[in-house]
Amino acid sequence: MRHNIHLGVTGLRQTGKTVFLTSLIYQLSELGSKGLAHFEPSGVTLRAASIEHSRDPNKERFPYMGFLKGLREKPPRWPAPTNRESGLVLRFFYENHGARGKVDKVRNWVGLGKAQGSIALHLHDYPGEYLLDAGMHDMTFEEWSSETMDRMANYCPDEAAEYRKTVEEAGNRAAANMFRSLRTAYARYAQAARRQGLEFIQPAMTLISWNERCDSSDQLPEPTEEELPFVPLPSSPDSEDESDSEIEQLRKQLTASFDKHKKRRVKPFLKRIRKCNNQLVLVDVLRVLQNGKHAYNDTRQCIAEILKAYHTAWKPFGGINRALFAATKADHATKNSRSNMSKLLDALVTKAKGQLKGGIRTPESEWFTSIRVTKDAKERDGEQREVLNGTEKGRSEGPLNYLCGKVPPEWPNDEDWVFGNPAYVFTEFEPTQLPTIDGSLWPHVNLDRVIWKILEGCF
Ligand SMILES: Nc1nc2c(ncn2[C@@H]2O[C@H](COP(=O)(O)OP(=O)(O)OP(=O)(O)O)[C@@H](O)[C@H]2O)c(=O)[nH]1
Ligand SMILES: [Mg+2]
């Protein structure tokens with residue numbers, strides 16, 4: 001049997017997509033199924049994979065060797081945030097010694113031996129921000145403006161009021177001046193939303209470089225027209241004498257930029273990701289827990305929107321046919337509370353699962369870490385308490401012990417669950433240097449379960 005899996009690794013920014021792909025490529029190309037405990041009882045073995053270029057001209061080659069080198073350096077480093085699309089294909093053979101289907105029994109009985117086959121696993125990496133614009137594809141500029149202004153008022157009321165005031169005061173100023181003031185006011189809102197850990201800030205595809213500039217500067221940088229080609233406008237008045245006003249000129253310009261963004265950026269990207277028949281949705285549950293209830297609502301909405309965009313591509317014999325949700329970076333939580341991550345994930349993605357129609361079975365939720373960088377330890381401070389031992393991200397001293405928040409079995413349901421609540425602080429860690437000898441095992445938690453769930457349908 002030959003199988004073709006187009007794996008869509010979906011996740012908001014910094015959820016661990018690139019690290020997962022790097023770890024997956026290393027495991028399958030260097031080790032096959034060796035060391036993957038979840039494969040052993042099944043009787044399935046994977047041979048080491050060969051790495052091939054993706055044939056898609058829109059994708060660069062996934063820079064696997066560069067990421068591998070970075071993780072093996074002293075000190076090791078995580079891959080940089082992704083800023084362009086890339087991909088590659090892993091090809092490998094499998095043998096299924098435990099096959100139990102009727103055809104396999106007959107094969108064994110007539111002496112044809114064990115079930116075997118080949119798998120081509122197509123991988124695609126892209127900036128998480130790209131997904132945030134996916135829902136725009138079937139919206140008009142008016143619809144987008146109205147939704148965006150509602151979201152602004154809901155999460156950042158002060159900045160939203162300031163933005164509305166800027167629109168009202170714009171009066172009959174030249175369209176170019178008006179647009180510049182609105183970009184500045186929108187940037188203030190975007191910064192306030194970022195500070196609360198919110199993700200849903202559009203147009204996310206073009207704001208990537210502005211976000212980078214924000215991260216490296218103490219002052220709020222002015223977004224350029226390329227970074228922010230359109231901003232929302234309240235709906236236009238009905239009176240005809242307004243139609244030639246400067247604000248209506250600006251509305252025409254913004255509508256044209258919005259349509260151009262959909263045509264040139266959003267739709268081609270959606271076309272590429274809709275080739276995926278297998279979905280792995282990665283969620284940083286701990287970051288949501290740390291950022292509070294607004295981030296919870298925001299993430300819940302984002303994931304549902306993203307899957308809706310995938311689903312509109314569903315065809316009777318195409319589209320997504322398998323999906324798995326997984327909570328990443330489990331080694332940032334203490335040992336005894338880690339397994340609660342999948343309970344939280346289940347609740348967070350209920351809405352998103354509703355978007356996965358089309359006959360696929362209800363997706364499961366896993367928790368895992370692609371590369372484990374912390375050790376579990378205990379510390380005595382009056383009583384014994386669980387801590388994590390590792391080197392904190394951005395620091396050079398360590399490894400040290402860190403007391404981290406505990407993952408509760410249910411999402412908090414109180415007013416105090418806001419960004420900065422000390423009960424839910426989770427430290428981010430630097431990687432530990434990975435073995436420099438090819439074929440050595442890499443430290444992970446439950447990566448074997450995730451790989452099994454991706455490939456299971458082939459066996
Ligand atoms: N401990 C641990 N940290 C991880 C792991 N995966 C990701 N991280 C952390 O999360 C950060 C982001 O990981 P990436 O894989 O670059 O995330 P991404 O989803 O590709 O991000 P974008 O490209 O910006 O969309 C890393 O720099 C690490 O700090 C993991 O398996 N273990
Ligand atoms: Mg990435």
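Me: What makes Gln-14 buried, exposed or partly exposed?
Reply: Quick caveats: this is a predicted model, where local features need pLDDT of at least 70, side-chain atom pairs count only at pLDDT 80 or more, and totals for chains, interfaces and linings use all residues. Residues are numbered from 1 along each chain as its sequence is written, chains are lettered from A and ligands numbered from 1 in the order in which they are written, and side-chain values use heavy atoms, with hydrogens and water left out. Now, buried means under 20% relative accessible area, exposed over 50%, and partly exposed in between (1.4 Å probe, protein chains only). Gln-14 has 36%, so it is partly exposed.

Me: And why does Lys-329 count as buried?
Reply: Its relative accessibility is 16%, which is under the 20% cut-off, so Lys-329 is buried. Lys-329 also has a positive phi of about 55° although it is not a glycine. Most residues other than glycine have a negative phi.

Me: How do you know that the buried residues of helix 6 line one face?
Reply: Those residues are Ala-160, Tyr-163, Thr-166 and Val-167. Seen down the helix 6 axis, they fall within an arc of 115°, so they line one face; the arc is that of the directions from the helix axis to the C-beta atoms. On the other side of helix 6, Asp-158, Glu-168 and Glu-169 are exposed.

Me: Why are helix 6 and helix 7 called roughly antiparallel?
Reply: Angles under 35 degrees count as roughly parallel, over 145 as roughly antiparallel, 65 to 115 as roughly perpendicular and the rest as oblique. Helix 6 and helix 7 pack at about 175°, with axes 9 Å apart, so they are roughly antiparallel. Axes are lines fitted to C-alpha atoms, for helices over the stretch in contact (heavy atoms within 4.5 Å), and angles run from 0 to 180 degrees between N-to-C directions.

How values were computed: Helices (H or I, at least four residues) and strands (E, at least two) are DSSP runs, numbered from the N terminus.
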